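Colleague: I have just opened this one and would like a walk through it. Could you start me off?

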Amino acid sequence: MTISSHAQARMQQRGMPAELLDIIMRCGRVERAPGGADKIFLGRHEARELRCRLKQLLQLLDRAEGSSLIVKDGCILTVYKHGCT
């Protein structure tokens, strides 16, 4: 998605990096705005849901650490965990 020069100036003024916009785009709630535009809003509810998903992802990451997949021709042949290192 392109970013207008106006939006780039506001991002800089408000200390909003592109990564923050990406989070809002992916996880925000879409509402109608004047002129046929869309408003994407990351409110309390959306932020709470995102935190929950991130906590779940971190738990999965802890479980995945030290794991390997053996893959050939797009098929997973086996999975295993390495010993502690």
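Modeller: The buried residues of α3 pack against α2 (18-27), β1 (29-32) and β2 (38-41), where buried means under 20% relative accessible area, exposed over 50% and partly exposed in between (1.4 Å probe, protein chains only). This is a predicted model, in which local features need pLDDT of at least 70 and side-chain atom pairs count only at pLDDT 80 or more, while totals for chains, interfaces and linings use all residues. Residues are numbered from 1 along each chain as its sequence is written, and side-chain values use heavy atoms, with hydrogens and water left out.

Colleague: Which residues of α3 are buried?

Modeller: They are Glu-46, Ala-47 and Leu-50, and because they cover an arc of only 90 degrees around the axis, they lie on the same side of α3; the arc is that of the directions from the helix axis to the C-beta atoms.

Colleague: And what is exposed on the other side of α3?

Modeller: There you find Arg-44, Arg-48, Arg-51, Lys-55, Gln-59, Asp-62 and Arg-63.

Colleague: Back to Glu-46, what does it touch?

Modeller: Leaving aside residues up to four places away in sequence, Glu-46 touches Cys-27, Arg-29 and Phe-41, contact meaning heavy atoms within 4.5 Å. Glu-46 counts as buried because its relative accessibility is 8%.

Colleague: New topic: where is Asp-73, and is it buried or exposed?

Modeller: Asp-73 sits in the loop between β3 (67-72) and β4 (75-81), and it is exposed, with a relative accessible area of 76%. Its phi is near 55 degrees, a positive value in a residue other than glycine, whereas most residues other than glycine have a negative phi.

Definitions and conventions: Helix = DSSP H or I, 4+ residues; strand = E, 2+ residues; numbered from the N terminus.
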